[in-house]
2 protein chains.
Amino acid sequence: MNDRLLEQCTAAREASRKLIRLTSGKKNEILYKMADQLYSDAEKIIHANAEDLSKAKANGMSPHMIDRLSLDEKRIKAMAEGMREVANLEDPIGRVEQMTKRPNGLLIGKKRTPFGVIGIIYEARPNVTSDAAALCFKTSNAVILRGGKEAFASNMAVISSLRKALKEYDLENAVSLIEDTSRETAKELMCANGYIDLLIPRGGAGLIQTVVSTATVPVIETGVGNCHIYAEESCDFEMAKQIIINAKTTRPSVCNAAESLVVDEAIADRFLPYLIPAFQEAGVRLLGCSKSCALGNGIIEPASEEDFGREFLGLTMSVKIVSGIDEAIEHINHYSTGHSEAIVTNDYEKAQRFLEEIDSAAVYVNASTRFTDGGEFGFGAEIGISTQKLHARGPMGLNELTTTKYIIYGNGQIR
Amino acid sequence: MNDRLLEQCTAAREASRKLIRLTSGKKNEILYKMADQLYSDAEKIIHANAEDLSKAKANGMSPHMIDRLSLDEKRIKAMAEGMREVANLEDPIGRVEQMTKRPNGLLIGKKRTPFGVIGIIYEARPNVTSDAAALCFKTSNAVILRGGKEAFASNMAVISSLRKALKEYDLENAVSLIEDTSRETAKELMCANGYIDLLIPRGGAGLIQTVVSTATVPVIETGVGNCHIYAEESCDFEMAKQIIINAKTTRPSVCNAAESLVVDEAIADRFLPYLIPAFQEAGVRLLGCSKSCALGNGIIEPASEEDFGREFLGLTMSVKIVSGIDEAIEHINHYSTGHSEAIVTNDYEKAQRFLEEIDSAAVYVNASTRFTDGGEFGFGAEIGISTQKLHARGPMGLNELTTTKYIIYGNGQIR
């Protein structure tokens, strides 16, 4: 590990020890101070952001990405407000679950505690900086952030502001940003066993793949979603259409948007013609299996094998006709990324089988996959959506940024 | 991945899909059949074990390790009985937690589900084979086992027996053993992303270190314990002595045995002389800091810096004198492996601070660290003791072999 990263990791560990001693009330007070400081530094942050934006434009960044990178007073106000909202959430730290008295008199409870030091690697969205800092601080974790190099000046300005507020409490190292955006340093962070207790990558499939295959510290995979909607033969056509169009078109670039449509053979010749005009109106391109192409009147183009596994993140959808629920479940479990899948049906038994046998973080009956979101699930905040099975699965709120330890009260017990 | 491992992984995944459809009642029936088969194959298993034992003796294996490797009728009976006990435990699979109705009418619940395929890498104890198979089967997970080469014939005989029982239900691939004990294949297993949902190493520090630094699939670290007992100045000397001697000497080779003693300076000159005769009687060698050596009458030998971080797994203990609770917490958090630590005290505030600030899986007040065990905690079964913070921390029972998914009942909701 390079000296500077080692120094940051050590400082973060020391800060994490201090964080453990803070009450929820104190943490909330500090979060409000951080939010106020951020907003009062808006001008500086916008100035730094302009620097990033001019480089990005010179490098030919797409307008969509430029928009994600841009900060203005309104967005900074929203970032500050987001920090205050996190302060207002219930604090999971310190809660003791399942406290039981054993026959030998030992009182054993499972207590929610912070991880210690969390690393977060993300791409070019500077609002993630304040967001991640707030969620980690609220759960008494120190955080080391490694943002994309495209947003470096903006991130640095945001972090300086937050650390200014933290310094008043001698806690500035609770939040830090890696100043070196090289791949080598990112790799060192991924392998900083003993220094980093948990690493969360937030970004596209490429970033997540790199982190998962490189990291030796514990990682939570987030966010790649090849989500399916399965129109089962007993479905209400209008409900199915509403759900499919909603899941595909309302925000096609997000991970809970649907990418794949699966239709029962028994209804395909009536359901696809019912659906296609709505797809055409929304500008959705369809890539289908041979059976669906035959029914698609030239509007459904032939899909390659890979298309069924693809996260299009745009107005394209794959279409697969299946013989029934067995093939539907097999197809979905084979191609899915384990994010969110939905069945539209009016058949009780098939609904239950789908819920039971689909191996994904969120499985829906008769609702859009777009609901897979911390806010929609009622968590108040979200650090990402886990598509792995260890520790956290689905939308992750504050609780998922905590671990537990057993606390045991005895009076001299020996074994 | 080599062809044979790929074949096993694929077969295990198929079996895992079948396991999801079994009721608890059916799983228990099959577990009983497996136990019966194991016991009726005792002769064959003992024969295979004799082969392993003769090789082990020829290779000069230590008597202690020979004992761990040995099987006789009594031990096989105990293995079968262990499987029946697992059958009798409550099944966590299918339980729905925190089901809530959202304002939009969606009914969202968190359902306990299997991981899918679990890999377990372990050393030369053939009883782990039936034990791990039973715990994974009970939780509807398929399991791929990779045992030590020293126990290969024994493991193979145990697995053949279990698979014979499973075959009657067309489920033989729910449990399999890797027949090739090369390091290359072990490494392939550790990096079988998409095939292995969770990998658990069970064994010594060397094995666990190798797995953690090599694996790209999700891993739960188990079992290395440099456990501390801290005799705080207000402690009852007799209680402290009982706890220390119990934690150090009752089974020094296990991970919850104490390895390090921490003593407050204010009592060290009275407490150490009070304690030393009991250590001498038990044959415990003491390696201490300079202050403790000065008080040790030549019985405490000088410790090196590394000794404070060592898991001796035998009748040796390090001794550190500290100025008070601040230094004690700092020392323990620095050298501990995060397994189990205890304070012996009669000071309310210091007891609470110790519970709060010690960063370990199990933190005790006035009790022996030897209680960190699934059975002692009331879990009925244990797959290992996690010393990491992701997913599971401390003794892992059936619940820790499961993950969750969100199930959502809607009636046409779109966002």
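The paragraphs below lead through the pairing of chains A and B. This is a predicted model, in which local features need pLDDT of at least 70 and side-chain atom pairs count only at pLDDT 80 or more, while totals for chains, interfaces and linings use all residues. Residues are numbered from 1 along each chain as its sequence is written, and chains are lettered from A in the order in which they are written. The model scores ipTM 0.92 and pTM 0.91; for chain A, the mean pLDDT (the predictor's confidence in each residue, from 0 to 100) is 95, with 100% of its residues at 70 or more.

Contact (C-beta atoms, placed from the backbone, within 7 Å) links 55 residues of chain A with 55 residues of chain B. Because 100% of the interface residues of chain A are also interface residues in chain B, the copies meet through the same surface.

On the chain A side, β16(A) gives the most, with 11 residues; strands here are DSSP runs of E, at least two residues, numbered from the N terminus. Strand β16(A) is joined by 5 bridges to β13 (residues 362–367) of chain B, and the two run parallel, pairing being defined by at least two DSSP bridges between strands. Within this arrangement, A:Ile407 stands opposite B:Val363 in β13(B).

Note on methods:
Contact = placed C-beta atoms within 7 Å. Helix = DSSP H or I, 4+ residues; strand = E, 2+ residues; numbered from the N terminus.
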